[in-house]
Amino acid sequence: MERVLIKELLSDEYIGRQVIVCGWVRTRRESKGFAFLIISDGSSQDTLQVVVSNEANCFEQIQKCNTGASVKIKGFLRESPAKGQRYEVEAQEIEVIGESDPEKYPLQKKGHTLEFLREISHLRARTNTFGAIFRIRNVLANAIHNFFQDRGFLWVHTPIITSSDCEGAGELFSVTTLDFKNIPKKDDMVDYSRDFFGKPAYLTVSGQLEAEFLALSLGKVYTFGPTFRAENSNTTRHLSEFWMIEPEMAFADLKDDMKLAEDFLRYLFKEVIIKCEKELLFLQNQYKRISLDEISKLSDTNFNHITYTEAISELKKSKENFQFTVDWGKDLQSEHEKYLTDKVIGGPVIVTDYPKGVKAFYMRLNNDGITVAAMDVLVPKVGEIIGGSQREERLEILENRMEEIGISIENLQWYLDLRRFGTVPHAGFGLGFERLVQYITGMINIRDVIPCPRAPGEIGF
Ligand code: 4AD
Ligand code: MG
């Protein structure tokens, strides 16, 4: 007999049938000749109640069924006569697979803080909270692929080790095999010709540049993979390693790009509500930071749009005491983004046409000569979850721009080739996967939506 997942088990279909369930003991209590175990197996927000009569042969195993122990239960599923659960399993056989010392097991019945749980990342997925978050993460990842696959986008695999800094922000982790105790030098500089790749190499900050050449051959593509930023920002919305989804479309402009972003987010909101209702309800009740109604409403609403210039004038009008001054030409800080979403708009907003000085070299210059065809999607509480743009497809303007900000034209000849041979308007964006999961789950800290968070000074697991 094969084991049944709790997710499948709790239904009328299994009533009266003998089943095998495997999982971990959450709690055990004894009362009036029976022992009651609560078992979870990670497949569902639901747990399973197992009832063991003290007359059953397997009752002697009960003493070993401490919190955290792994068990295999054979028994019959029946409707539960008691309140609190619809179904339960009446056990006939119990096998304790791995015992757990209740004095030492770090997860106790009482609630733990999220900070404490971060210190035991290897066990926290056994809690209701992290079970919910990681199941939501899975559903969203799957929905992302479905969304693009249904619309003719090809999933492309861009490199993790690269020689280019796509965002030009210098937030790169080096990849090297040089011996730190004996670094080869030439003219007092590191001699990278003797390094593994013969020149400096890094972990990628974005797959965009490669996605661009693939879009300019394959039409519509997307990446979904890990990206790395050696940005020294210890905030609740920055990770050093995060997953990004980057669609790129040939023959598309900024309007097409924004429409794709909106359709995409609405689709994801819809899917997560259909497939993770129990998880979302749990998080809503437990943390009071999300509302299913709100997510559901968003899945049907058009997003507000505002230009950067309009945003600046709204911010200037406000009576808020911002830490960072508001000035046309300066980038929006997270306090500004928060004010726009929470106070000005009251929901998600797409900000467009930023000054060229605050954005990356590849963004298309607008006719005014000072702004670029950029768009950021901002959401309440989290801020920017998507950054995208129409790309500069005009060779001369792109070369000028690269020269202006000191991007190596020599290293990116292949990128310029795309503008030399059959260039077309094209556009794309990057969605930060953890920011999306953070927004949907309402977690305050982005470290709580990825199994092993990487941040400055943090590489424990
Ligand atoms: O705005 P970013 O830097 O844009 C790019 O990388 C472009 N190449 C995307 C493109 O057009 N193809 O990053 C995109 C998104 C951000 O909006 C944010 O959601 C997320 O990636 N992100 C981070 N998430 C977690 N931790 C960090 N340190 C992040 N930096 C960016
Ligand atoms: Mg950005």
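Is arginine 78 buried, exposed or partly exposed, and what is its relative accessibility? In this predicted model, arginine 78 counts as partly exposed, at 28% relative accessibility (buried means under 20% relative accessible area, exposed over 50%, partly exposed in between, with a 1.4 Å probe and protein chains only). Local features need pLDDT of at least 70 and side-chain atom pairs count only at pLDDT 80 or more, while totals for chains, interfaces and linings use all residues. Residues are numbered from 1 along each chain as its sequence is written, chains are lettered from A and ligands numbered from 1 in the order in which they are written, and side-chain values use heavy atoms, leaving out hydrogens and water.

Arginine 78 has a partner: a salt bridge (a side-chain nitrogen of Lys or Arg within 4 Å of a carboxyl oxygen of Asp or Glu) ties it to glutamate 90, with the closest N and O atoms 3.1 Å apart. Glutamate 90 is partly exposed as well, its relative accessible area being 37%.

A second salt bridge joins glutamate 248 and arginine 391, whose closest N and O atoms lie 2.8 Å apart. This pair links distant parts of the chain, 143 residues apart. Glutamate 248 counts as buried at 1% relative accessibility, and arginine 391 is buried too, at 2%.

Glutamate 392 forms a salt bridge with arginine 394, and here the closest N and O atoms are 2.6 Å apart. Glutamate 392 is buried, at 1% relative accessibility, whereas arginine 394 is partly exposed, at 26%. By this rule, the count comes to 30 salt bridges. Buried residues make up 50% of the 461 residues in the protein.

Terms used
Helix = DSSP H or I, 4+ residues; strand = E, 2+ residues; numbered from the N terminus.
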